[in-house]
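Hi everyone, thanks for making time.

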Amino acid sequence: YQLREEDARMKLTDLQAKLGPEHADTLSCLNDLASVYRNQRKFSMAEELLRRSVRSHESAFGPDDPRTLNAISSLAIVLVDQNKFRGAQAFQQKVVESYERMAGETSQEVQESRKLLVYLLRVSGSFAEA
């Protein structure tokens, strides 16, 4: 993991300099580095990067863009890793509601985001809501 982390950090720095902090490729690399941190169980570092990613995605693409919603779902998962269930649920509920508005109740995106919300509710012990 160490080599991958160093490579990801160097690539992120390079992309930020060349393309800017809100370019799609830069944000993808930011998410990759957050994933590396999550795999290393460095959850607070992953959370910090994902919060930055969400803000940048919202600024660059808007709050309902699928890339923004994917970043929010990734943040929700990292929050669960840290037992921050309320925050995770709130973020994932936002994703569900955004997809419902954009794609309709029966869309694949809504179904997938609901599955993750149900999972988050279950792991948090909120069985009645799940």
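Predicted model: local features only at pLDDT ≥ 70, side-chain atom pairs only at ≥ 80, totals over all residues.

Residues are numbered from 1 along each chain as its sequence is written, and side-chain values use heavy atoms, with hydrogens and water left out.

Okay, the helix pair. Helices here are DSSP runs of H or I, at least four residues, numbered from the N terminus. Find α3, residues 43-61, and α4, residues 66-81: they pack at an angle of about 160°, and their axes are 9 Å apart. Axes, by the way, are lines fitted to C-alpha atoms over the stretch in contact, and angles run from 0 to 180 degrees between N-to-C directions. That angle makes α3 roughly antiparallel to α4, a label for angles over 145 degrees. The crossing is left-handed, so the near helix is turned anticlockwise from the far one by less than a right angle.

Who makes the contact, meaning heavy atoms within 4.5 Å? On α3 the residues include Phe43, Leu50, Val54 and Phe61, and on α4 they include Ile72, Leu75 and Val78. By class, this contact has ten nonpolar, four polar and five charged residues. Nonpolar covers Ala, Val, Leu, Ile, Met, Phe, Trp, Tyr, Cys and Pro; charged is Asp, Glu, Lys and Arg; the others, Gly among them, are polar.

Next, the core. A nonpolar core is a set of buried Ala, Val, Leu, Ile, Met, Phe, Trp, Tyr and Cys residues joined through side-chain atoms within 4.5 Å. Buried means under 20% relative accessible area, exposed over 50%, and partly exposed in between, with a 1.4 Å probe and protein chains only. The largest such core has 28 residues, and Leu33, Leu49, Ala88 and Leu120 touch the most other members. Which helix gives the largest share of this core? That's α4, with eight residues. Leaving aside residues up to four places away in sequence, Leu49 touches Leu30, Leu33, Ala34 and Tyr37.

Last, two residues. Val95 sits in α5 and counts as buried, at 1% relative accessibility. With the sequence neighbours up to four places away left out, Val95 touches Leu69, Ile72, Ser73 and Ser113. Asn70, over in α4, is partly exposed at 47%.

Notes: Helix = DSSP H or I, 4+ residues; strand = E, 2+ residues; numbered from the N terminus. Parallel < 35°, antiparallel > 145°, perpendicular 65-115°, else oblique. Contact = heavy atoms within 4.5 Å.
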